[in-house]
Amino acid sequence: MIRDHIAQLTRGAIVAAQAAGELPPFDIPTLTIDRAPRPEWGDYSASVAMKLASVARRAPLQIAQTIAKHLDGDAAIAQAQTAPPGFINFTLAPEWLAREVERIDAAGERFGDLNFGTGQRVQVEHVSANPVGPLTVGSARNGALGDSLARVLRAAGYTVETEYYINDAGSQVRHFGESVYALYAQAAGRGEPFPEDGYKGAYIADYAREILQREGTKYLEMPRAEAIRALGRLGIEMVLAEARATLARMRVEFDSWFPESSLHGSGLFKKLLQQLRDKDLTYESEGAVWFAATKFGLEKDAVLIRSAAVIPEENERPSYLASDVAYVWNKVVERKFDRAIYVWGADHQGDVPRVYAITKALGLDVTRVKLLVYQHVLLKRGGETVRMSKRAGEFITVEELLDEIGPDAVRFLLITRSADSTMELDLQLAKEQSDENPVYYVQYAHARIASILRHAAEVGATSEGADVSLLQHPAELDLIRTMLRFEEVVELAATRLEPHHLPHYASDLAAAFHAFYRQCRVLSSDPADAEMTKARLKLVGATKRVLAHALDLMGVAAPESM
């Protein structure tokens with residue numbers, strides 16, 4: 001990346017200045033090269049002179065001027081100027097920028113891919129909604145964030161596996177089964193009251209009727225408790241089948257679907273519980289087993305196994321935290337992921353410090369575990385908040401969202417804000433075919449490029465033998481600059497686990513292309529313009545591939561026509 005090249009040049013200049021006795025000896029800190037905040041200041045800016053003021057014992061501006069004097073001529077840099085209070089501003093050479101089109105073109109659809117994650121295995125566990133009902137809008141944001149993050153980590157060179165954690169243990173399975181059983185019995189003409197703490201919603205009745213139609217009344221002919229368990233498991237299978245189909249519509253796929261019940265059935269939790277006991281990190285109180293979370297800085301201890309007096313069923317007593325104990329061990333130790341990333345909704349914020357504490361208690365490296373928490377989604381239509389679902393009665397389902405605005409808008413718009421920000425999604429805007437809709441704006445840029453290339457093929461124009469040095473128009477150079485930023489965006493999104501940088505970059509690239517298209521004619525029938533046509537076709541083709549790659553990292557389609 002040119003940013004890193006500038007950092008190397010700057011470091012070399014500091015070393016040269018020290019060797020010449022113009023700067024005193026000192027250890028050179030890590031150099032941060034930032035994008036210049038204003039175009040007239042250049043392309044990149046180094047603020048290292050401010051950091052060196054105390055060790056060099058002179059004014060930052062004087063240090064910057066000394067460093068700039070030792071910057072050897074480099075083909076990529078047109079000029080390096082200093083500015084108060086101590087910046088060194090770098091402007092990229094137009095000739096160098098134009099030649100970069102060849103590098104972008106040679107990389108093809110993989111331009112922007114990096115290799116700093118090579119050799120490291122990462123798991124991204126996301127969505128993982130309780131399997132007791134349809135996926136809701138919060139799960140749509142979870143899926144968009146998690147899948148885009150997995151894609152960008154792969155682009156950074158990591159080996160990535162995605163996982164859906166199935167919460168199929170504990171009392172919720174029984175409660176869900178009781179709900180299905182009651183409506184199943186009612187559908188069969190049997191009087192059965194609906195449980196007070198049952199799961200409500202029209203979807204439960206749908207499941208019950210489907211089971212009755214498919215399997216008859218056989219569950220009414222077996223012991224009630226056994227039937228409830230069986231219907232609970234069958235209902236969960238139906239929920240998960242719907243979830244798979246819904247997520248596939250969103251272009252979200254998982255490498256594995258991991259059942260929570262396996263953590264207890266394998267005996268792993270019992271083994272780890274003994275480890276915690278041996279470390280004096282558990283105790284019993286009021287019939288429950290507690291984790292001594294306060295030893296790790298938390299305000300309160302946490303229950304691992306509930307009291308038999310509260311939960312009669314033995315297999316329902318382990319808490320969610322008990323499963324988290326076994327799950328983090330399974331990820332980091334048994335499956336040997338170098339990093340385990342969880343994507344959780346804001347309603348689990350309180351569980352985050354407990355998982356980190358458990359990780360430390362098990363003797364694991366806590367830096368290998370990252371819990372990424374996202375905030376809620378607020379749906380609006382024409383300024384009005386959308387609250388109710390036609391099918392579920394209490395929430396908006398992902399299926400309804402996909403039906404209304406489509407997977408591209410869902411994927412793109414739900415990652416436009418950082419995970420820790422509440423997301424407002426305007427359904428009316430998401431369907432507009434105008435520049436106000438960022439999804440349409442970006443996809444239209446790709447479709448317009450595809451149209452140009454189709455027309456070029458029809459008239460026999462190609463980029464073969466193009467002389468890219470002809471690309472010197474300010475709009476051309478700005479488009480190239482924007483394409484080169486893609487590598488930095490991929491690095492930023494992967495290192496900070498922040499996929500929200502992708503849609504903003506795609507919008508910037510689309511804007512740069514639209515500006516270029518307005519100012520620079522690509523195809524010309526004038527023979528005198530033949531060489532420029534070749535050069536611009538090469539630029540346009542490179543832009544198409546970069547834009548398509550950016551869209552793919554978000555799971556958004558790159559249409560050939562609109």
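Helices (H or I, at least four residues) and strands (E, at least two) are DSSP runs, numbered from the N terminus. This is a predicted model, in which local features need pLDDT of at least 70, side-chain atom pairs count only at pLDDT 80 or more, and totals for chains, interfaces and linings use all residues. Residues are numbered from 1 along each chain as its sequence is written, and side-chain values use heavy atoms, with hydrogens and water left out. The chain holds 18 helices and 15 strands.

**The chain as a whole**

- The C-alpha trace spans about 85 × 65 × 40 Å along its principal axes.
- The chain has 562 residues, and 52% of them are buried; buried means under 20% relative accessible area, exposed over 50%, and partly exposed in between (1.4 Å probe, protein chains only).
- Of the contacts in the chain with a separation of 6 or more, 71% are between residues 24 or more positions apart; contact means heavy atoms within 4.5 Å.

**T162 and its strand**

- T162 lies in strand 6, which covers residues 159-166.
- T162 is buried, because its relative accessible area is 2%.
- The T162 side chain comes to 3.3 Å from the backbone oxygen of E253. This is a polar contact, defined as a pair of N or O atoms within 3.5 Å; within protein, one must be able to donate a hydrogen and the other to accept it, and residues adjacent in sequence count only if both atoms are side-chain atoms.
- Leaving aside residues up to four places away in sequence, T162 touches V124, H126, A150, R154, E253, F254, D255 and S256.
- Strand 6 pairs with strand 5 in the parallel sense over five bridges; two strands pair if DSSP finds at least two bridges between them.
- E125 stands opposite E163 of strand 6.
- Strand 5 (residues 121-125) is mostly covered, with four of its five residues buried.
- In a regular strand the side chains alternate between the two faces of the sheet.

- Four strands form an open sheet in the order 1-2-4-3, with antiparallel pairing.
- Strand 1 (33-35) and strand 3 are the edge strands, each pairing on one side only.
- From one strand to the next, the twist averages 30°; axes are lines fitted to C-alpha atoms, for helices over the stretch in contact, and angles run from 0 to 180 degrees between N-to-C directions.
- Three bridges join strand 1 to strand 2 (residues 44-46) in the antiparallel sense, and D34 stands opposite S45 of strand 2.
- Strand 3 (residues 77-83) and strand 4 (residues 87-92) are antiparallel and pair over six bridges.
- Strands 3 and 4 form a hairpin, with three residues between them, and I77 has L92 in strand 4 as its bridge partner.
- Helix 3 (residues 60-69) has the buried residues I63, A64, T66, I67 and A68. These pack against helix 1 (2-19), helix 2 (48-56), strand 3 and strand 4.

- Another open sheet has three strands in the order 14-13-15, with mixed pairing.
- Its edge strands, each pairing on one side only, are strand 14 (384-385) and strand 15 (423-426).
- Strand 13 (residues 377-381) and strand 15 run parallel, joined by four bridges.
- Helix 13 packs on this sheet and touches strand 13 and strand 15, with its direction at about 130° to that of strand 15.
- Helix 13 (residues 398-413) spans only 14 Å between its end C-alpha atoms, whereas a straight helix of 16 residues would span 22 Å at 1.5 Å a residue; the expected span is 1.5 Å times one less than the number of residues.
- Helix 13 bends by about 105° at G406, and the proline P407 follows within four residues. The bend at a residue is the angle between axes fitted to the seven residues ending there and the seven starting there.

**Helix 15**

- Helix 15 (residues 438-458) has 21 residues and reaches 30 Å from its first C-alpha to its last, close to the 30 Å expected at 1.5 Å a residue.
- N437 caps the N-terminal end of helix 15, with a side-chain oxygen 3.1 Å from the backbone nitrogen of V439.
- The buried residues of helix 15, including Y440, H446 and I452, pack against helix 13, helix 17 (501-519) and helix 18 (530-553).
- Just after helix 15, G460 has a positive phi of about 80°.
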